Amino acid sequence: MTSAVELRAITKAFGRRVANDRVSLAVEPGSIHALVGENGAGKTTLMRVLFGLYQADSGEILVGGEPARFRSPLDALRRGLGMVHQHFMLVPPLTVAENITLGREPRRGWGVDRARAEREVAEISGRHGLRVDPRARVENLSVGGQQRVEILKALYRGARVLILDEPTAVLTPQEVDELFAVLRSLVRHGGTVILITHKLREVMEVSDRVTVLRHGRVAGERRTAATGVEELAGLMVGRAVLLRVQKAAAAAGPAAPPALEARGLRVRDARGLEAVRGVSLTVRAGEILGVAGVEGNGQAELIEALAGLRPAAAGEILIGGRAVTRLSPRERFRAGLAHVPADRLARGLVGPYSLADNLILGSQRDAPYARRGWLSRPAIRSHAERTLAAYDVRPAAPGAAARTLSGGNQQKLVVARELSRGARVILAAHPTRGVDLGAIEFIHRRLVAERDAGRGVLLVSSDLGELLSLADRLLVLYEGRVVLETAPEATDERTLGLYMSGQGAGGSPPGAAGSATP
Amino acid sequence: MNPRAWVRPLVPPLLAVAVALLMGAAFIVAVGQDPRLVYGTMLAGVFGSAYGWGQVLFKATPLVFTGLAVAVGFRAGLFNIGAEGQAYISAFVMGWAGAALAPHVPGPLLLVLLLAVGMAAGAAYAAVPGLLKARFGAHEVINTIMLNFVATALVNYWGHSAFVRETVRTPGLPAAAMLPRLDALWPALRGSPVNASLLLAVLAGVAVGLLLWRTSFGYELRAAGLNPAAAEYGGVRVPGVWVRAMAISGALAGLVGANFVLGYKGYFESGFTAGVGFLGIAVALLGRTHPVGVAVAALFFGALSQGGLVINQLVPKELVEILQGIVILVAIVAHELVERWLRRRA
Amino acid sequence: MSAAAGEALGVAVLLGFLAQTLRISVPYALGAMGCAYSERGGVINIAIEGIFLNSALAYTLAAHFSGNAWLGVVAAVAAGVATAALHALVTVTFRADQITSGLGINILAVGLTRFVLKAVFHSSSNSSRVEGLPDWNLPGLSALPGLGPVLSTPLVLITIALVAAAWWVMFRTPFGLRLRSVGERPEAAATLGLSVTRLRYAGVLVSGALAGLGGAWLASDQHSFTDQMSAGRGYIALAAMIVGKWNPLGGALACLLFGAAETLQIRLQGSAVPNEFLQMLPYLVTMLVLAGAVGRARPPAADGVPYDPEEQ
């Protein structure tokens, strides 16, 4: 059978970094084909080559059996390929209809025929069951709505092959179900779907075939029905994967002193809307408290408020029993807080600064690194040498710029800095996002070690597997409120998913020992 | 040594100068002159005599101040296009205050006082766009450009009462309140107005270097410029840094008056800045926002300016301004190309 | 004086005021419109000031050597486009800093125009006298009381027409839609197959052409070129664009406001109100607008950010 799309021996390098190394992939028409791999395995690069955003250094592309040369996305679009990007490629101030018809605008004379554009969008959205308002401005849509617009953009241009890059990263489990229904419907009508994801459960649920990439090469290809999550994970990393971290039971009982407390916390987001609505939580010394939730439900604002980067509109925050609600981030560091931020490049590191300088970020006014406003270079350097060795940051050159490190090492650098503050409580927000498996294991082990040493850890993550394996207790945050408080032994991913989408309260989740906090 | 360590700072400025000189040669030919003759005369006139050197140093001094001012702003992530207006208005305040206080304050004390007043005026004027950015998020580029014009208008207005009748300058200061000329120490420099403000410029350069790399505030300032979100996370109050950085920048620009008012003429004269603030931007860029680079770039532009005067018989001296513009454009392009080349080798 | 005569005099003064405001606003409006096109595409263009100078000189040279004022206009537009092309080359092709490029071009323009002024006209301050544009006596318009003369001036009429055209092109045509998308989110446009480079070049070159007309106006109105004759008008045009929220219509209105302030300042010279404060008015208004006193002034999201296709 002729493939809908075929890639033969595609190689693409950026400077000395080879992102795709002779990758071959054949997608059957009328199927959903999953492409999986860790961060940096080359999935997105491969799809960008296919879509004409990048030019391959060598190899061939065939569409419907015919060779194709894509010099730009326009060529790919003309051959029936459509791409839905992970970070939506939409123009926020323009309307839905304008975004969808951009580049192919219906005309009337020299101007744009807006009425016809809106009509055509309404028609095509109805046909595929993707509900949108053509006149709405994209910046006012929900995440799910924006994704529908992205898909419609491809369908409007007659795409027969739809490529989706990590489409479910920001969706609730229920929105994911809706998306999968749309994909299955597309396939039933003769379309083909390529799904890039690292979520193996979704691969098992919706795909027909799966190709695994590792370090830029194809590690294996399987019929989905003939494989399983463990095998795929093994192919992704090349060895048996530790899916659960070994840890002893928490030393902390209910009687342990609280390392961090939040009482009735209310926080507003950047638009002035309440993102955190009366959250109360306690992290005891010697325990890891996990916070689950779909991104955008207040976790970011919660962490920022706890760290002092965002003011609390109401409520109190205490570290070690001491009120810190009015204190600045620096003062909270002094009070015993440490913070591993969600975005290391945006918040956690100053890229051009050296490793040594980054290691004192937050302590640049404190002894022994500074006295009376003057920096003490010898103290900074010796601290760097010790810390880089202890946390296995490579290369361990105190004078090198932080931006020259790999993602995993950068994250280890941030973790090194925060964990060597001698803090009482550690806020860890998505600490293993975008990091290779070796570094993930290292960071997990260090967090457990901190907890064993009597520190409190607040772990926010969108990776349920990570939360279930690390946390001693779990909270679920939905629309700014805590809707569930439980223990990992007493729940599972499906239950958590229900609470994460607001459908858990009121029902009795199977086997849950914890009770829902209204 | 790692090639990037010297490629990044040296190649763009050198390339810019080379291209500018080449294109300048084209203009020279266009007016029917021989480039080798013109450039040769320039070099001889500028570096061939102590007087020439003195002139170069005199012209370079204010460029060091404005170059440092813009450089400090850049390091904090701010684009201070207002050094011109800051220098202008603070020099006026120097001249005005000097004339007003001269009868009451003894000479040397007045000198020190006027230096402080100039720096304070510059700091205050530059703090305004800093505060507007800190409080309202208003971009400093437009505001500083606007304030340049406002400074001119304000000085014109105050000049009605401050200027000597029928002139556009403030009354002269007594000699005791002025900075000594350097030709008193080195007689060979006689005739050129280079004065002790040159030493102030050197001191300023050293001070800026220490501030940026040896103090906690400097660490915070550079972090705020490189990554405000990370700086904030590290406990830095970024809007406060903006205001303080602009104030420091303005104070440095405020020292321009020291060269002209306190070291040369003894009074403020309308129009004396003649673009020194804008040229300071070129100096800061060419000097890679580093005090040493700024010093070298200031010398270069000072030499160029003096060279223009020397060759004025052969070629319109405005050639120098053309060269300045070309240098700026090529410098920023070369910077981009070098960065891209380095990234590809990584 | 009778009441009727007094009233007629009042109307005449008002009309005269309006006429002078219109004349003065022409270069501002052209500069602001041009700037809007560049910035809507995502390229900050501070070089309007330099473009005014270069094109005013070009007009003067062409009109001087050919004796034909319209040829001067063509030369001015060409000079504007050429200067803008340099800015586009530096900022779009080489992706260098856009603000510094604008400043560099302005410094270059001052030096270049002075150099040529000296070389051709042997003067540091002004050129010889050149032809201005002959009036267009359009029926109906040229007979209007008070406003007749100004509405017979070709460039005034062209500017008014261009304001309307500029608005329509930007908000009602495919080109305008694509230009705006490239200024807000160039990646989105690129994934749809649009050329970010070509669209940004177009925006910058249009700004050069419009500002070139502004330079032609300056020289033809004054019948000569004088040193640094742009006198900061390019920056006021930039300010007007901001006050007008990057919209050709809003920019034109802001230009009228600034032009009125300038007319007021000229007419009130020597009166009790200090001249200098009226001079400062456009600048202070701009600063107030930027500080949010009159609602949000938000530039296009990708304004000032060079687009690098490999950095995705």
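Two residues are in contact here if their C-beta atoms, placed from the backbone, lie within 7 Å. Keep that in mind for the views that follow, which all come from a predicted model.

**View 1. Chain C, a chain of helices.** Chain C has 11 helices and zero strands. Now use the contact rule: among contacts in chain C with a separation of 6 or more, 76% are between residues 24 or more positions apart. As for burial, 55% of the 312 residues of chain C count as buried. The C-alpha atoms of chain C fill a box of roughly 75 × 50 × 40 Å along the principal axes. A compact globule of 312 residues would have a radius of gyration near 20 Å, and chain C has 20 Å, so the two agree.

**View 2. Two helices of chain C, packed together.** Here we zoom in on helix α3 (residues 69–93) of chain C and helix α4 (residues 98–121) of chain C, which pack at an angle of about 145°. Their axes are 10 Å apart, and α3(C) passes α4(C) in a right-handed crossing. Which residues of α3(C) meet α4(C)? They are T83(C), L86(C), H87(C), V90(C) and T91(C), and across from them in α4(C) sit Q98(C), S101(C), G102(C) and I105(C). Sorted by class, this contact of α3(C) with α4(C) has three nonpolar, six polar and no charged residues.

**View 3. Where chain C touches chain B.** Helix α4(C) turns up again in this view, now as part of the side of chain C that touches chain B. In this contact, 34 residues of chain C meet 34 residues of chain B. On the chain C side, α4, α9 (233–243) and α11 (275–290) each supply at least two residues. Which element gives the largest share of that side? That would be α4(C), with 15 residues. By class, the side of chain C that touches chain B has 21 nonpolar, eight polar and five charged residues.

**View 4. Where chain A touches chain C.** For this contact, chain A brings 21 residues and chain C brings 16 residues. On the chain A side, the elements that give two or more residues are α2 (73–78) and β8 (111–112). The largest share of that side comes from α2(A), with three residues. By class, the side of chain A that touches chain C divides into 14 nonpolar, four polar and three charged residues.

**View 5. Chain A, with helices and strands.** How many helices and strands does chain A have? Count 17 helices and 24 strands. Of the 518 residues of chain A, 49% count as buried. Contacts in chain A between residues at least 6 apart in sequence include 68% that join residues at least 24 apart. Along its principal axes, the C-alpha trace of chain A spans about 70 × 55 × 50 Å. For 518 residues, a compact globule would have a radius of gyration near 24 Å; chain A has 25 Å, which agrees.

**View 6. A four-stranded sheet in chain A.** Four strands of chain A line up in the order β14-β13-β16-β17 to form an open sheet, and the pairing is antiparallel. Why is one side of β14 (274–284) and of β17 (322–323) left without a neighbour in the sheet? Both strands stand at the edges of the sheet, and each has a single partner strand, so one side of each has no neighbour there. Further in, strand β13 (residues 258–268) of chain A and β16(A) run antiparallel and are joined by six bridges. Within this pair, R266(A) stands opposite A314(A) in β16(A).

View 7. Strand β16 (residues 312–319) of chain A and β17(A) pair in the antiparallel sense over two bridges. If you look for a facing pair, L318(A) stands opposite A323(A) in β17(A). Together, β16(A) and β17(A) form a hairpin, with two residues between them.

Key. Residues are numbered from 1 along each chain as its sequence is written. Chains are lettered from A and ligands numbered from 1 in the order in which they are written. This is a predicted model: local features need pLDDT of at least 70, side-chain atom pairs count only at pLDDT 80 or more; totals for chains, interfaces and linings use all residues. Axes are lines fitted to C-alpha atoms, for helices over the stretch in contact, and angles run from 0 to 180 degrees between N-to-C directions. A crossing is left-handed if the near helix is turned anticlockwise from the far one by less than a right angle, and right-handed if clockwise. Ala, Val, Leu, Ile, Met, Phe, Trp, Tyr, Cys and Pro count as nonpolar, Asp, Glu, Lys and Arg as charged, and the others, Gly among them, as polar. Two strands pair if DSSP finds at least two bridges between them. The radius of gyration is taken over C-alpha atoms; the globule rule is 2.2 Å times the number of residues to the power 0.38. A residue is buried if 20 or more other C-beta atoms lie within 10 Å of its own, exposed if 12 or fewer, and partly exposed in between; C-beta atoms are placed from the backbone.
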